[in-house]
Amino acid sequence: MRTAAMSLTSASGLVVILLSVAVVQGQNEWGVTYTSTQICALKGSTVVMSCTYTYPPQIKKQKTTVEKTFWFINRDIKPVNLKTKSEYKGRVHYSSNKNDCSVKISDLRQSDSAQYKFRFITNQPGGNYTGSPGVTLNVTARPDLQVHVTRSSCRNSNCVQVELRCHSSCRLPDNYKYTWFKNRQTIRSETSSSYFTSFPSEDTVSCAVKGYEMFSSPPAFAPTVSSVSFSPSGEIIEGSSVTLTCTSDANPPVTKYTWYKRGNNQPQSRGEGQQFVLSFINSSDSGSYSCVSENDLGLKMSEYVYIDVKYPPRLPSVSVSPSGQIVKGSSVTLTCTSDANPPVTKYTWYKRGNNQLQSRGEGQQFVLSFINSSDSGSYSCVSENSLGLKMSEYVYIDVKYPPRLPSVSVSPSGQIVQGSSVTLTCTSDANPPVTKYTWYKEDEDSPKASGQNFTITDFRSEHSGNYYCEAQNSRGRQNSTSHPIVVSSKWKSVAAGVTVAVLLPIILIFVFLLFRRMRALKTSSEPEDRADNSQQCPPNHRHPEEQDNHHYATVNFSQKKEDPVYSNTGPARCPRHKKEPTFPEYSVLTFHNNSKEQRPYNVLPLMVQGQNEWKVTYPSTQICALRGSSVQISCIYSCPSEINGQHTIIENTYWFIKNFVDLKTQPEFAGRVQYNCVKTNCTLTISDLKETDSALYKFRIITNQHRGTWFGSPGVNLSVTAHPDLQVHVKPSANQRSCASLNCIRVDLRCQSRCHLPDHSSYIWFKNRRAIQRQKSSSYSDTIYYADTISCAVKGYEMFFSPSMFAPTFPHVSVSPSGQIVEGSSVTLTCTSDANPPITTYTWYKTNQNTNRQLMSGKNQFVFESIKLSDSGQYYCEVENNLWMWTSNKIHLDVKVAPRPPSVSVSPSGQIVEGSSVTLTCTSDANPPVTKYTWYKEDENSPKESGQNFTIRVFRSEHSGNYYCEVEDSRGRRKSVSHLIVVSDSSIGVTFSVLLPIILLFALILFKKKRASINSSEHEVAPDSSEQHPPNQRQSEDQDNVHYVAVNFSLNQEDPIYCNTGAAQHHRHKEQMFTEYAAVKYSDKDRRTELQGTEEDPALLYSTVNKPQRS
């Protein structure tokens, strides 16, 4: 119950006080009680505001009588009875019951909304009373109803029983009647403001004030089907933050949201709230999510939404099939498995060698279809998708193989002398290593020895023969080729030594004499007199025009400051250099010409910054700031403390851009510029930067001195940009001990902008697209792996992050043009790889017999202008930046070429003895290889043999002749040059050793004699030719065609026959020499006559041999 305060009025203040005291004493008897202080009524309806009032029956024995009662509006300055107000005329009725002060207002209007109070007046002096606080009436055109649930009993998604109340935002009178609607159908039996009923989840319930059904409340209903959304939309990357939001329509509104993740056929609760945040999402968070929204009328579960978390490949694993021991020649499959989302799109296989990776192929499986020992080694795979890549651990492949073809070495090498010690050593590559060596001699079944070495301590002739070894391990055995060992007798060695000792000095003497003779002939052919060089042009002679174009400049300096510095320019002369003392340089420079008139020009007064203690220093002259941020520009200034006895006072300091206008007075900088000057330091702060703020800012000082103003140069150049244009600069750290793996490196990182950002800027670093929360400076050090990416951004400008820093991608080599490569064409190899920092070095290699030869570095292309067969092979490139070095896949160049001119070798080499076996071998480079070899003998049309080797088992004299081979492949054919093979007996070597010095001496004497005859013919008159011929001289026409042949016969039948042919001369025959002469005619006329009608060879020579009789 609320009790109204009593209000008394009086003409004198004393009465008011007394009465007030009396009222206070009896205040429990004065009062107005309002049934309700807040009433809401509908426009056009009737409202009753009820109250009761009390008063003391008597005061000072004077009976209290109520003289007047009425209601008034509180806003009236003086209480005015409602009934007397024109706007309420005929609509206000007061209750006539004793002590009942209710009022009824009909046909309500919205203007009737006000605070109403009741007042009564008694016969007591000052006995007027107004009840407070009164009744606040709110008249509305519509009731603004809501259905409230006051009690419910729910099971699963349906509520069994609920109690509903029709509630208005303002309290309606209790006498109002209501209409209830269920699923839009009127419930006739219910007219109160409360309704008790069962409530299925699909039902709706609403209410209205009777007579105002058009203003029914919004329907009350359980949550409808909920929906789930997530942000950010698009691809969800592991490590990012994802927010799930549940939306559901319900009345009353949803009071509880519960999140579930589906797993193993039943949902798992994950949290509550309208939003569910996965702040650092992981791949394990992938799955189907739903939310359950709930209010007092029921609950509803949403459809499932699938969250697909993308992530780079996990650590791959490599499996080998078949498992167990790997044998050479078998097929081995390496399989790379890696979890990734999206799935791995590329697998690359690498083999480790010499501290670098060699690319071997691509694909999830790497098949070595015919594995070889060279395939042994450590293999790893790199799995890659659009988000990154990851390298597996290394798996070692150990290829087992039987012994390779053993090689046999003999110690000592060279000729083996009877009685010496000989050691044979057998070597063979095998895995596992060779466990047993056995030695055999051809044509003998029993082994000679076991062990890697076989030693014959006393070598004799019966030990000569072919030896071979057998190497054996658990995978098999292999025999070497036969190795011949022959004992050499001592007399053969002595004979060989004597032959060399005799022939070598003779050959050297002949070569020396011939060389001296040729030098003498060359010297005599050169003229003795040489050209006179006295007519050469003097070195200092120059063309006059050229001389006139040379001038020298003379610059004169003075020790006096008042004297100007001047220069003189004139024609070129020989300068005389004198050591001049150094002079001070002054600011005025005057140039003079050669005339007496002195004309100063280019006079430049020099002003020195900081002169006489006036100085402004800017810590930074270049500053870059971001749009919307704040920047501080600082300077330090100084000025002389006094000038001419007058103390210097700083009257004003400010910053300006142009025309010396203070920044604070410019409208575009209003409210954004602050100066903070402490002593000689002054800082300009500009907030909320705009790109138009980019300018050159300078600081100005104004003092009390005469012309005592100063501004500092060069000023500070401020550049305001919308985004920072960042780059990550990286270099390897000096300390690499924290990174022991080949796959990681310790680096120093720095976030740099093209313009200098303020030092107080904060940065955010991202590693693999995840923010590194602890790093806020512009630089830091970290250990990174080759698959990592690093980027940076200025705090608050994360949308403008730098390009990511990453290691080179695995390089790839391509060849152009594609297709068959023909010798002589131009071929280009291109190495492709992406990196940031960019790749600085490309290096090309060629692989030959498991060795790598560096070809070139510096360019990503390697060009063969005219490719050759020798360029065939495997090539790869190596890329490097200042962080990483990677090796590409190998690409094979197969240069096609027609056969080269074949070469023929003969085995055995040297002399061929009749009855021995001779093998001719034809060799030619070609690609594709030679497919056909054919052997021919000159002057014979039919081929002798086909195949690379041509063997004559028993060589006889009729086999002697010129042989050649013809090679052929798909690109062409080629013939070798003829190779002469002549049968020889055992006496040829001895004959050659005796005759060779004789031949050389004879050639020397003949050469000297011929030179002497030439010299004599040049200085003397020739004698009569008639005296030089014997009486049996032939006719002159035949004499010119007559030549003599000297034929030497030996008494030894085994010696060969030698002959010499020369011009016909007079010969003195000596009977002791068995010399015969033959006249050989070369008569074309006679020859043509003889050949007519014959089939003889025109190249035949005929000779007549006359042997003189012995006397």
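# Chat about a serine, a sheet and some disulfides

Reader: Where is Ser248 placed?

Author: Ser248 is in the loop between strand S22 (242–247) and strand S23 (256–263). Strands here are DSSP runs of E with at least two residues, helices are runs of H or I with at least four, and both are numbered from the N terminus. This is a predicted model, where local features need pLDDT of at least 70 and side-chain atom pairs count only at pLDDT 80 or more, while totals for chains, interfaces and linings use all residues. Residues are numbered from 1 along each chain as its sequence is written, and side-chain values use heavy atoms, with hydrogens and water left out.

Reader: Ok. Is Ser248 buried or exposed?

Author: Ser248 is buried, at a relative accessible area of 15%. Buried means under 20% relative accessible area, exposed means over 50%, and partly exposed is in between (1.4 Å probe, protein chains only).

Reader: Which side chains does the side chain of Ser248 make a polar contact with?

Author: One is the side chain of Ser226, at 3.3 Å. Another is the side chain of Ser293, at 3.0 Å. A polar contact is a pair of N or O atoms within 3.5 Å; within protein, one must be able to donate a hydrogen and the other to accept it, and residues adjacent in sequence count only if both atoms are side-chain atoms.

Reader: And which residues is Ser248 in contact with, leaving aside neighbours within four places in sequence?

Author: Pro223, Thr224, Ser226, Val254, Tyr257 and Ser293 are in contact with Ser248. Contact means heavy atoms within 4.5 Å.

Reader: Switching to disulfides. How many are there in the whole structure?

Author: A search of the whole structure finds nine. A disulfide is a pair of cysteine sulfur atoms within 2.5 Å.

Reader: What does Cys246 form a disulfide with?

Author: Cys246 forms a disulfide with Cys291, and their sulfur atoms are 1.8 Å apart. The pair links distant parts of the chain, with Cys246 in strand S22 and Cys291 in strand S26 (residues 287–295), 45 residues apart. The link is right-handed, with 55° about the S-S bond. Cys246 is buried at a relative accessible area of 0%, and Cys291 counts as buried at 0% relative accessibility.

Reader: What about Cys166, what does a disulfide join that to?

Author: A disulfide joins Cys166 to Cys207, with 1.9 Å from S to S. Cys166 is in strand S14 (residues 158–168) and Cys207 is in strand S18 (residues 204–209), so this pair ties together parts 41 residues apart in sequence.

Reader: Why is that disulfide of Cys166 and Cys207 right-handed?

Author: Because the torsion about the S-S bond of Cys166 and Cys207 is about 80°.

Reader: Which disulfide is Cys635 in, or is it in none?

Author: Cys635 is in no disulfide; the nearest cysteine sulfur is that of Cys682, 5.4 Å away. Cys635 is buried, with a relative accessible area of 2%, whereas Cys639 counts as partly exposed at 21% relative accessibility.

Reader: Last topic, sheets. In what order do the three strands of the open sheet come?

Author: The order is S40-S42-S45, and the pairing is antiparallel. Strand S40 (407–411) and strand S45 (453–456) are the edge strands, and each pairs on one side only. Two strands pair if DSSP finds at least two bridges between them.

Reader: How many bridges do S40 and S42 pair over?

Author: S40 and strand S42 (residues 422–427) pair over five bridges, in the antiparallel sense. Ser409 stands opposite Thr425 in S42.
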